[in-house]
Amino acid sequence: MSAMAHVSAPGTQWTVPDLRELALSIRLRAVRMVAPQGFGYLGQALSSAEQVAAVFAAARPGVDRLVCSPGHYVIGPFAAAAELGLLSDEAVAGYGQNGSPVEAIGTERSPVFDYTCGSLGQGLSAALGFALSDRLRGSGARIFTMVSDGELEEGQVWEAALFAAHHRLGRLVVLLDANNSQVDGPVDSITTLEPIAAKWSAFGWHVQDLDGHDPGALSTALAAAVQEDRPSVLVCRTSTVHGLDCLPIDADGHFIKLPPELAAAAERELTGKLEALRA
Amino acid sequence: MREPPYPTEVKPYGRALVDLARRRDEVLCLSGDLTRQCEVDLFAGELPDRFIHAGMAEANMMSMAGALARCGHIPFVHTFGAFATRRPFDQIANAIAYPALPVRIIGFMPGVSTPGGPSHQAIDDVALMRTLPNMTVVDVADAVEVRQVAAAVVDVPGPVYVRLKRGETPVIFGEDHVLRLGQAEVLTPGGDVALFASGMMLAAALAAARALGEHGVHVCVINVPTIKPLDAATVLAAAADARIVVTAENHTIIGGLGSAVAETIAEAGLGRPLRRVGLRDTFAEGSLTAPYLFTKYGLSTQALIETIWSALSRPGPVPDAPATPAESGEYSPV
C-alpha cells in the first residue's frame, strides 16, 4: 500500500504497554493532527480510540492484518502508529495537507493498515478476500476489521456478513463502532439499525455487545473472539465526543470544528490526563 | 477466415480457463451465481479448491476479488456483463481499478445478444469500464479468439474487462489466428470505407463488406478486440486510407468503440465523415429471440450496408445483405 510501514508487513514490531495510555495518546495525537486545519475527523478518533488501542495490543505484529473499512477513521490508526513508532512525526504532520500521502480520508497511498476505502461499506468484503487468501495458503493470520455503524446502512456489508458466516471465516474479527453518528445526524434518527447484535447473531456471527470505551472489556472480548471458529463481531457502544470534555455539547461528531482556542483547551485537557495517568 | 454460415463451439472460454489455471496457480475463479451460464462449471468441477462461489452479491464479489488480487492471486470474476459492471461499479472503481489490481472481470451476454430485456442487456458495459483509469477493455469476435483470451489477459498488470458471447460461439477465424492484445487487425483491403468492428459485430461487418464489394464499394474491415487501450496507429492508418469511417458495436454508440475511434481520429486532426452503428442512445427490450433485436435496433448486416451506402451518397438501390441461412449448430450474422 505504501513504502511506509503497515502492520502486517513482515518484520514490523511494536508493543502496547498500556491500553488506557495508548487510547489517551491517540486522542491527543488526533487533536494535534486536526488542529492545523481547524476541523476534521476527530470524532472518529474519539469514538474508536480504545478499539484502535485494543487492536494494536491484540494483533500480532507483522502477521495479522488491519482493515479500516471507513476511510474517515484512518486518523485513529495513524495516531496509534505514530505513538507506537510505526509512522514518523514528519509523515503524521502531513495529515490532510496538500501533496501528502497521509490523506484525511484513507486511500491507496495510506500507510499503516492493509485496506481502507472512503466509499463506505466495502472494507468487510476486502477482509473476506484477505481471509480467503490466507485460507488458500494455510496462513493463520487474523484480520481485524474496523467497521462503523453508519456503514450498516450499505447493503454490501450484509452481503459480506452472509458470505463470512457461510464460509466460517473464523480468523475475521470485526470491531463495530456503534457511535450512533453519521453525516446527517444520529444514526437512529435516520435508520433503525437495532437490534444490531441480534442481526449479526442471526447472520451466524459470534457477537459480543460491550462498552467500546472500556479497555478491559475490549481486551477480554478480543481474546474471546480470536478463539472462535466463526467470524466474530464486537458491537462497541461509543460516543464521538468521549474523553474530551472541553468539546461543546452540540459538537458535530462526524466532522468536528476545532478552532485554535478549542484546540488549545483540548491539548491542555488531554496532556493533563496523560500526566495524571503516568504519575 | 471462414465464410458464413460459421461452425460454432460450445464453452471455448470455460475449457481454456481450466487449461490456463492448471498452468498458473495464481488463477482463481469467482462466480456470481451464473456458473454454468458463464462456462465455469468446468472450473468448479475440475479445480474446486480454487473456485469461489460469491453468490448473487456482485458488490461483495468485486471487493473480495480486489483483496485477493492484492494478495497475489489472479481472480477471474464471472457474471453477466450487465451485472458485472452496473451494480458494482463503485467497487470496481475503488477496490480494483484505482489500485490497478490484476482482476479479470468476465462479462457474458453482451448487448442485445440476450432477449432477456434491458435488465440483462449489457449495452453500456464497455463505456462504463472504459472510463475507469487503468482498465483494459476487450471484446473478442469468435471462438478462436475466445479460446485465447484468458491466456492473453492473464499477465496484464492492471484490471481487464472482457465481454464474451454466451452459448454457441461462431468460429470465424482460421485455427492459425492469433489474438494479439492491444492490436487492431486489418482483415480486408479497402479504399472507400474503414469499418471498425468489435465482438459480435465482426461477422456482420465482414458480410456487409462482401456485399458492398460486389457493388464496387471497397470496405476495409478492421477487427478491434481491444477497445482500451485503442490501437491508435492502426486506427489512424486505416481511417486515413478511407473516405469515410464506420464503427460497429453491439453496444450503445455512446462511450464504446465508436466513441474511442471518434476521439482518436479527431484528436489526430484527421477529418473523415463518421457513422457509428450500435444502439442509438436507447435501451432495447425483451423478446423471444436475439436476431429480432439485432434487426430492430440497427445492428444487422443490412443496417451496416445502408449506413455505408448512404454515407457515401451512392446512387441506386441499396444492396441486399447476403442470405446465409444457418443450420442448427451454425451461426450467421443477422
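Two residues are in contact if their C-beta atoms, placed from the backbone, lie within 7 Å. In chain A, residues 24 or more positions apart account for 79% of the contacts with a separation of 6 or more. The model is predicted: local features need pLDDT of at least 70 and side-chain atom pairs count only at pLDDT 80 or more, while totals for chains, interfaces and linings use all residues. Residues are numbered from 1 along each chain as its sequence is written, and chains are lettered from A in the order in which they are written.

Chain A has 10 helices and 8 strands, these being DSSP runs (H or I, at least four residues, for helices; E, at least two, for strands) numbered from the N terminus. Of its 279 residues, 53% count as buried, that is, with 20 or more other C-beta atoms within 10 Å of their own C-beta atom, each placed from the backbone. The C-alpha trace of chain A spans about 50 × 45 × 40 Å along its principal axes.

The contact between the chains takes 16 residues from chain A and 20 residues from chain B. On the side of chain A that touches chain B, strand S3 (115–117), helix H5 (123–137) and helix H6 (155–166) each supply at least two residues. The largest share, 7 residues, comes from H5(A).

In chain B, helix H8 (residues 201–213) is mostly covered, with 11 of its 13 residues buried. Among them are Met201(B), Leu202(B), Leu206(B) and Leu212(B). The cover over the buried residues of H8(B) includes strand S1 (6–9), strand S10 (193–197) and helix H12 (301–311) of chain B.

Notes
A residue is buried if 20 or more other C-beta atoms lie within 10 Å of its own, exposed if 12 or fewer, and partly exposed in between; C-beta atoms are placed from the backbone.
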